[in-house]
Amino acid sequence: MISTQLRHNVPARLGGPLLVGALAAGACAVVWIGDPTTPGGFLPVCPTKALLGIDCPGCGTLRMIYSLLHSDFLSAVRFNALAVAALAFLFVAFAVWTYGRVVGRKITGWQHHRWAAAVTMVLVTLWFVVRNLPFEPFTALRV
Amino acid sequence: MTQPPPPGNYPPPQPQGAQPSSHLVFAILTTLFCCLPFGIVSIVKASQVSGLWASGRYAEAQASSDAAKKWAMWALIAGIVVFVIYGILIAVGAVNMDFDTTTVTDY
């Protein structure tokens, strides 16, 4: 793995991170233009929300990103607090991956930690339940 | 009397590689953005990988890894399909998501 990577030069190894970065930037641009905080845009409503009427763990993520793009951190947390935290972790994972590509070796990130997936599963499940509890104060978490 | 043991009674040979990827980042991404239960299934599968690997069940760990990837892939595909269908419906004007609930009153 390492030897095959070392055969390429740094720009070739950076193809993956650059592609992912470009996709993320494009997605941000689409969210910016689409403005999911205003109903009626071309960005789809979460199918889980549309079909079942419940908030899935990811509901509000587009609006969260839109708020972050407009430096409105409080609104971002309000739309999907867990997704804000997840976004930070995803960014770290991306940075670690990119750094590993630059130096030409695989670096173990948080996602390879033994309990990372289990913790994620617990958090997502709790978030799913908590934001759908039909009484105060949890109704404030609905988006 | 020195027949070779029948295959299958021995645990699979330990792979010389590392623990299979749990595809956790992929699973989180699809759970957040494709917004489908498939992503959650992928996270559940991802959470099984390290435990199975640590207890020496390499084949099962690999299977969970593959399943995590498969479910995340399906979540991604489902998300794209929903997005495309939604885009088509918007384009032809079949869906108007502008929930205008105001009542027009002419005085």
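How many residues of chain A are in contact with chain B? Select both chains and look where they meet: 25 residues of chain A touch 25 residues of chain B, where contact means that the C-beta atoms of two residues, placed from the backbone, lie within 7 Å.

A quick word on what you're looking at: this is a predicted model, in which local features need pLDDT of at least 70, side-chain atom pairs count only at pLDDT 80 or more, and totals for chains, interfaces and linings use all residues. Residues are numbered from 1 along each chain as its sequence is written, while chains are lettered from A and ligands numbered from 1 in the order in which they are written.

Stay with the chain B-facing side of chain A. Pick out α4 (47–52), α6 (73–103) and α7 (116–130) of chain A, the elements that each give two or more residues to that side. The largest share, 6 residues, belongs to α7(A).

Now show chain A on its own as a cartoon. You'll find 7 helices and 0 strands; helices are DSSP runs of H or I with at least four residues, strands are runs of E with at least two, and both are numbered from the N terminus. Following the sequence, the pattern reads α-α-α-α-α-α-α.

Along its principal axes, the trace spans about 60 × 35 × 30 Å.
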